[in-house]
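User: Please take me through selected local features of this model, one question at a time. Please state the conventions before the details.

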Amino acid sequence: MIVILSHSNSDFDAVAAQLAAARLYGGAVALLARQLTDSVDEYLALHAEQLPFVSQLADDAPISRVILVDTARLPAAFARTPPLPTTIIDHHHLERDLAPHEDAIIEDVGATTTMLVRRLIDAGATLSPIEATLLLLGIYADTDCLTVPATREADVACAAWLLRQGARITAIGEYIRRPLSQGQERAFHQLEQQLVVEEIRGWSVALAWAELTGPIPEVSPLAHRLRDLYAPAVVILACGIAGSGTQIVVRSDARALDAGMLAQQFGGGGHPAAAAAFVADRAAAAVCDEIRARLDALIEPALTAADLMTRRVHSAPIDASVAQAAELMTRYGHGALPVIDAAGRPRGMIVRRDLDHARRHGLHDAPLERYLWHGPPTITGDATLGEVRRALAAEGRRIDDGGRILVVDADGVLCGIITRADVLRALEYGRPGDTNGHADAAEALEAWLDPTRLALIREAGRIAEAHQRTLHVVGGSVRDMLLGRPCADLDLVVEGDAIGLAHDLADAWRGSVRSHPQFGTATLELTRLPACVGARAGELIAPLSLDFVMARSEFYERPSALPDVEAASLRHDLHRRDFTINTLAICLNPTRYGRLYDFFGGRGDIQRGIIRVLHNLSFIDDPTRILRAARLAGRLGFVIEPRTASLIDDALEHEIFRRTTPQRIARELCLIFDEAAPEHALKQLAALGVPGRLLAGYRLPDGLGERLERARRAALVDTPPSQVALALCVYGLESSVIADIISTFQPSTAITRLLLDLARLPAICRSLDDATLPPSVVVQRLDDVTPLAVRVAALADDATTVRRHLGDYLERWRHIRPDLDGRAVRELSGASGPAIGAILRGLRAALLDGVVTSEQQQVAWVEAQRPPAV
């Protein structure tokens with residue numbers, strides 16, 4: 001017999017999960033806990049005959065397996081030696097290792113019922129309205145009517161399916177959102193008398209206890225009532241049950257307190273937003289005191305203005321003119337700028353609308369101070385998120401401020417700025433830019449990196465923090481981590497002095513630094529592993545490099561120009577990048593280690609497999625981003641989303657490639673040719689119409705992908721794949737077009753030689769389309785052509801005879817040489833000067849054509865070339 005069990009004081013999610021498991025595991029018995037919540041008890045009392053639950057088992061019931069739902073704790077009555085095989089099905093994270101007799105199904109959804117309903121849907125199950133209603137109650141109860149942060153799309157989808165199965169939505173009001181009973185009202189009055197609301201680490205916490213007598217009501221609705229009345233971030237109730245112990249109920253904003261973690265310390269469990277525990281034989285007041293003693297260590301510090309703010313603030317000086325302020329605003333792309341005095345203290349804010357209005361009236365040289373809005377309010381960095389929200393709301397009645405709050409230090413000097421967007425992100429994700437969660441990003445990073453590099457960057461993050469800097473791994477590195485692609489290079493960005501950090505690390509690790517102060521970049525090189533790597537410390541290694549880049553903003557004075565750069569915040573640094581999938585960052589400082597920052601939706605675009613440009617003028621600023629978009633799309637198997645494709649088309653219509661240097665275009669093309677399968681990127685370029693814009697009238701050769709695949713299968717030794725790809729794209733072009741490529745892009749000497757050979761090869765190949773040609777003729781026509789050009793012709797030419805000749809030349813004929821050298825020829829034939837070379841060429845032709853084979857025959861052939869004696 002398979003028995004389905006859940007936790008004591010079973011709620012709707014527990015009982016509904018038992019029902020769903022009974023439907024999935026044919027023949028399994030759903031055994032109810034001895035204690036159920038009042039609302040569950042009431043529902044089952046009405047519908048017990050239509051539901052497959054039992055209240056007890058026979059003493060000698062032969063149990064073969066246990067299925068635990070919504071809990072990982074086996075009731076003591078089912079302990080056996082040896083233990084019964086047990087399957088755990090739960091939406092709570094398992095806080096212990098599985099025992100040998102256990103297996104577990106854990107999923108990130110709002111309710112355990114959801115996990116099992118999804119499987120009922122997959123199995124094509126049909127339900128009665130009573131069953132569907134109970135399952136709907138299970139989902140709604142544990143997600144607080146689909147409102148808690150742990151609610152997932154699957155919870156909503158399963159609820160919709162249950163409604164189609166006949167679930168009665170009015171049951172939610174009858175059993176979950178219903179008025180308190182008389183017993184609950186009495187209990188609530190007792191709790192309110194002992195209620196304490198205090199601020200702990202920036203969060204409002206309501207803590208109450210009561211000793212309940214008489215029939216014990218369901219307690220969890222009382223926590224909801226307290227949240228409605230007092231709006232705390234955390235509600236904790238300790239309800240004493242006469243002669244038994246104390247019931248603990250926790251409801252929490254998961255950003256403030258992990259309710260499940262607190263409940264576990266008292267023998268209970270739950271998830272971050274809701275949990276419960278029962279402490280036997282202890283009074284409620286004593287339990288409440290112990291809970292309060294533990295809260296300081298368990299509650300996360302609330303977000304402060306310092307956490308939310310952008311630290312590097314663009315501002316205008318108070319003595320600037322209207323025109324100068326307008327130029328700054330255009331340069332930085334902001335709609336408003338703080339205005340500061342000579343000491344750096346904010347004097348007000350100037351907004352674009354006022355500047356535009358002043359300039360329309362010709363007031364370009366007017367002093368900026370005349371048109372300031374003398375606000376917005378200032379706050380200090382230790383202000384809590386709640387205080388920031390209230391300040392923003394108070395100023396929200398004004399339309400001039402653009403929803404900004406200035407942050408100042410103890411001396412009143414401007415040190416940061418907070419926008420509405422910063423607050424909205426914090427409310428949605430818990431931390432600015434944090435869409436993945438601290439633990440998940442840290443775990444993924446550690447699984448992705450090799451132990452040596454992981455140890456190095458973690459120690460680098462520690463040293464950065466010790467020197468008031470912030471270190472992040474960013475861009476393509478984070479993208480590749482999320483895609484599970486191998487780690488190549490790490491992109492490391494420093495908020496602060498990147499060169500200084502590199503030197504700090506070099507001092508600590510005995511490394512060397514190469515820096516470029518004008519760009520704020522530095523490369524740290526190590527030849528011996530430092531102590532932070534553990535057992536390998538002191539080991540000599542091939543030079544290992546770490547590149548550090550200052551977080552920066554870029555400004556383009558004109559289209560296609562190289563940008564000017566200046567120090568900036570992480571967000572500004574990410575904002576300057578090309579595509580959203582390259583705008584992710586993970587913090588390496590210990591206090592924020594593993595936190596994933598996603599300001600621009602990059603992770604969602606990675607999941608959707610799309611390339612999305614970050615700015616409308618991005619391709620105007622840098623046309624090579626068009627080539628980069630195709631390269632990334634080809635490498636990752638992504639598609640360029642329609643708006644981005646439209647912006648590329650617009651840039652091409654403006655002939656944007658004419659505004660950048662051929663050398664920059666050539667570098668990007670070489671990166672495409674260096675891809676493992678460049679045909680995918682080239683196909684993207686062809687779809688966008690790029691080839692014809694780079695070279696008038698050019699189109700990619702038909703069958704290019706197949707030829708590149710043949711080249712990879714041939715595994716050409718000592719031949720750079722990029723040169724093969726380039727040659728296959730060029731082969732067959734008119735000589736004049738290839739001459740234009742050489743004059744425009746000015747490639748290296750080796751590439752120029754290759755291109756020139758490719759220009760004349762088609763004519764040579766046409767002359768080889770004759771099966772009767774002797775090998776010596778083929779060799780004579782091909783010997784002054786670079787082997788790579790011949791290989792490309794062999795891959796690209798469609799004539800069978802030509803390909804056979806080219807193959808024979810490459811594999812056999814070009815390697816055939818006489819056994820005799822010039823000295824031997826002179827002695828045997830009496831020839832001298834140029835005549836020796838002519839005899840050697842004739843001897844090689846005789847070898848190729850089979851006229852001579854052995855060394856003896858070669859000697860005789862050369863001797864026959866001696867002129868007759870006079």
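Analyst: Helices (DSSP runs of H or I, at least four residues) and strands (runs of E, at least two) are numbered from the N terminus. This is a predicted model, in which local features need pLDDT of at least 70 and side-chain atom pairs pLDDT 80 or more, while totals for chains, interfaces and linings use all residues. Residues are numbered from 1 along each chain as its sequence is written, and side-chain values use heavy atoms, with hydrogens and water left out.

User: Which residues does Ala20 contact, leaving aside neighbours within four places in sequence?

Analyst: Ala20 belongs to helix α1, residues 12-24. Its relative accessible area is 0%, so Ala20 is buried. The C-alpha atom of Thr151, 131 residues away along the chain, is separated from that of Ala20 by 19 Å. With contact taken as heavy atoms within 4.5 Å, and neighbours within four places left aside, the partners of Ala20 are Leu116, Leu120 and Leu135.

User: Is His92 buried or exposed, and what does it touch beyond four places in sequence?

Analyst: His92 is placed in the loop between β5 (86-90) and β6 (102-106). A relative accessible area of 11% is why His92 counts as buried. Not counting residues up to four places away, His92 touches Asp70, Ile106, Gly270 and His271.

User: Where is there a cis peptide bond, and what is its omega?

Analyst: Most peptide bonds are trans. The loop between β4 (65-69) and β5 contains Pro82. The cis bond joins Thr81 to this Pro82, with omega about -5 degrees.

User: What is the phi of Asp144, a residue that is not a glycine?

Analyst: Asp144 is in the loop between α4 (129-142) and α5 (153-164). Its phi is positive although Asp144 is not a glycine, at about 50 degrees.

User: Is Glu655 buried or partly exposed?

Analyst: Glu655 is found in the loop between α24 (642-653) and α25 (662-673). It has a positive phi near 50 degrees and is a residue other than glycine. Its relative accessibility is 37%, so Glu655 is partly exposed.

User: What is the geometry of the pair formed by Phe599 and Phe600?

Analyst: Aromatic pairs join rings of Phe, Tyr and Trp (its six-membered ring) with centres within 6.5 Å; planes under 30 degrees apart are stacked, over 60 edge-to-face and the rest tilted. The whole structure has 6 such pairs. Phe599 and Phe600 form one of them, 6.1 Å between centres and 55 degrees between planes, and this pair is tilted.

User: Over which ring does the charged end of Arg458 sit?

Analyst: A charge sits over a ring if NZ of Lys or CZ of Arg is within 6 Å of the ring centre and within 35 degrees of the ring normal. Arg294 lies over the face of Phe266 at 4.8 Å from the ring centre. The charged end of Arg458 is 3.7 Å from the centre of the ring of Tyr593.

Definitions and conventions: Buried < 20%, exposed > 50% of the residue type's maximum accessible area, 1.4 Å probe, protein only.
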